[in-house]
Amino acid sequence: IMAGWVLVLGAGGIWHALLLVLWMGIISGILVVFYRRRHRWTVMRRGLTHYLVEVMVGHRTRLAQSLRRFWHRGEDDDLAEYVKVLDSVDRTGIILEVFISHGWLVVGVLGLVPAFVAGSSPAALAISLGGVLSAEVAFRKFALGLVNQLLAGIIAWDQIAPLFKAVSYTHLTL
């Protein structure tokens, strides 16, 4: 918000601040994609863990009742899918971290080109550059700190919420 206000006061004016708002919209879209992919990865990871526990518990039964060639059927496909999803999470995370801060720096400075060509005062250009750098620092802190922690917390809550609901339901029925 502060960086947007500084951009309005600088050489680019309201258009430069609107460029910042547009950039935030693009980042929001990438965040939604990242959240969905990370959530899917978390669900898959838990599913594979549950499957492993079930296989370990039922190991003797599997040995006695199944043919050897069927013991590990589907496990390679499950793991390949897991790696594919994990790769998409990693790629989106890298894009998010790099794109948020460094991408804005490029876009913000390019947003100053019309004001520079029009011959704006050096003071106004300096104010705008300060606003661009201020927003870049805020985006970097946002990307590296808040996004990872907040999304991890939301996904973790999504995973444990059924336990809390079950406890509250049990408590109400007793």
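Q: What share of the contacts with a separation of 6 or more comes from residues 24 or more positions apart?
A: Contact means heavy atoms within 4.5 Å. In this protein, residues 24 or more positions apart account for 83% of the contacts with a separation of 6 or more. This is a predicted model, where local features need pLDDT of at least 70, side-chain atom pairs count only at pLDDT 80 or more, and totals for chains, interfaces and linings use all residues. Residues are numbered from 1 along each chain as its sequence is written, and side-chain values use heavy atoms, with hydrogens and water left out.

Q: Which residues of helix H1 are buried?
A: Buried means under 20% relative accessible area and exposed over 50%, with partly exposed in between (1.4 Å probe, protein chains only). In H1 (residues 2-9), the buried residues are Ala3, Gly4 and Leu7. Seen down the axis of H1, they fall within an arc of 100°, taken from the directions from the helix axis to the C-beta atoms, so they line one face of the helix. Met2 and Trp5 are exposed on the face turned away from the buried side.

Q: What percentage of the 174 residues is buried?
A: Buried residues make up 29% of them.

Note on methods. Helices (H or I, at least four residues) and strands (E, at least two) are DSSP runs, numbered from the N terminus.
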